[in-house]
Amino acid sequence: MIRPGKFITLEGGEGVGKSTNLAVIESYLAENDVEYIVTREPGGTHLAEKIRDLILDNHDEPMDAATELLLVFAARAQHLNTKIRPAIAKGKWVLCDRFTDATYAYQGAGRELGERFISALEDLVQGELRPDLTVILDLEPATGLNRASQRGALDRIEQEQIDFFHRVRSCYLEIAAANPQRCALIDASKPLLAVRDQLLETLEQRLRIFLDER
Ligand code: T5A
């Protein structure tokens, strides 16, 4: 019988170093002979990437917060059912750059829509599925935005006011505190190598049990 794969998500505010540290998690999985896929949200499939463009591009009319929330979950439903669930069922591990914690942080706290509607959509779209491990990279928003702006033009969400990103960060910290079994909080303000070492230590502590049971 094939054991289902594990589901790992990587979270944090803008420019915290998710893309950079995704590579660290990938090499850890490869060194441990794990069969895995890497994906991202919003997006991850052809159709969900089209929805991502709708969410992140600038438009000639402001996007309503509820529209944004529903687009995020529309992309997630497609991504989950055509890519994530099938991979997990085949025994592959799934490493996903952002997932539903981002919706609680950005739409729930950033856009101040609250938790109630997100929780209902989470139940509808995900059923029982939740990540096995969520790594949250924590960084003061001004530093993260500065890092992100050096990388290129800012997208629609990155152009929000700084208060928005403070609410996003506070929400991630609350999620980490409320879900210590699932979430590992990493201080992303440290130099790259120090963040990498902290991340590798966390992976060894949290994933060894899953690796040994294969
Ligand atoms: N969104 C997403 C929602 O609103 N709701 C949702 O439900 C979901 C799923 C997605 C956007 O969509 C929103 C949130 C986002 O606004 P994204 O591409 O996932 O966008 O997210 P971004 O945060 O925009 O990703 P970025 O690519 O901007 O940032 P990363 O990946 O966190 O950062 P990275 O690795 O590219 O690093 C940025 C720069 O900093 C340097 C790197 O070298 C790079 O130049 N850096 C460091 N420098 C010094 N010290 C360190 N420790 C460093 N780590 C990285």
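Trainee: Which conventions apply here?

Mentor: This is a predicted model, in which local features need pLDDT of at least 70 and side-chain atom pairs count only at pLDDT 80 or more, while totals for chains, interfaces and linings use all residues. Residues are numbered from 1 along each chain as its sequence is written, and side-chain values use heavy atoms, with hydrogens and water left out.

Trainee: How many helices and strands are there in the protein?

Mentor: Helices (H or I, at least four residues) and strands (E, at least two) are DSSP runs, numbered from the N terminus. The protein has eight helices and five strands, in the order β-α-β-α-α-β-α-α-β-α-α-β-α from the N terminus on.

Trainee: What radius of gyration does the protein have?

Mentor: The radius is taken over C-alpha atoms, and the globule rule is 2.2 Å times the number of residues to the power 0.38. For 214 residues, a compact globule would have a value near 17 Å, and the protein agrees with 17 Å. Along the principal axes, its C-alpha atoms fill a box of roughly 50 × 40 × 30 Å.

Trainee: Which residues come nearest to the ligand?

Mentor: A residue is near a molecule if one of its heavy atoms lies within 4 Å of it. Of the 29 residues around the ligand, the nearest are Glu14, Ser19, Thr20, Thr103 and Arg151. The shell has 12 nonpolar, seven polar and 10 charged residues; Ala, Val, Leu, Ile, Met, Phe, Trp, Tyr, Cys and Pro count as nonpolar, Asp, Glu, Lys and Arg as charged, and the others, Gly among them, as polar. Helix α4 gives the largest share of the shell, four residues.

Trainee: Which polar side-chain atoms lie at the ligand?

Mentor: A polar contact is a pair of N or O atoms within 3.5 Å. Glutamate 14 places a polar side-chain atom 2.7 Å from a ligand oxygen atom. For glutamate 158, the distance from such an atom to an oxygen atom of the ligand is 2.9 Å. Glutamine 107 has a polar side-chain atom 2.9 Å from a ligand nitrogen atom.

Trainee: Where is the cis peptide bond?

Mentor: The bond joins glutamate 41 and proline 42, with omega about -10 degrees. Proline 42 belongs to the loop between β2 (36-40) and α2. Another backbone feature is aspartate 33, a residue other than glycine with a positive phi, near 55 degrees; aspartate 33 is in the loop between α1 and β2.

Methods:
A polar contact is a pair of N or O atoms within 3.5 Å; within protein, one must be able to donate a hydrogen and the other to accept it, and residues adjacent in sequence count only if both atoms are side-chain atoms.
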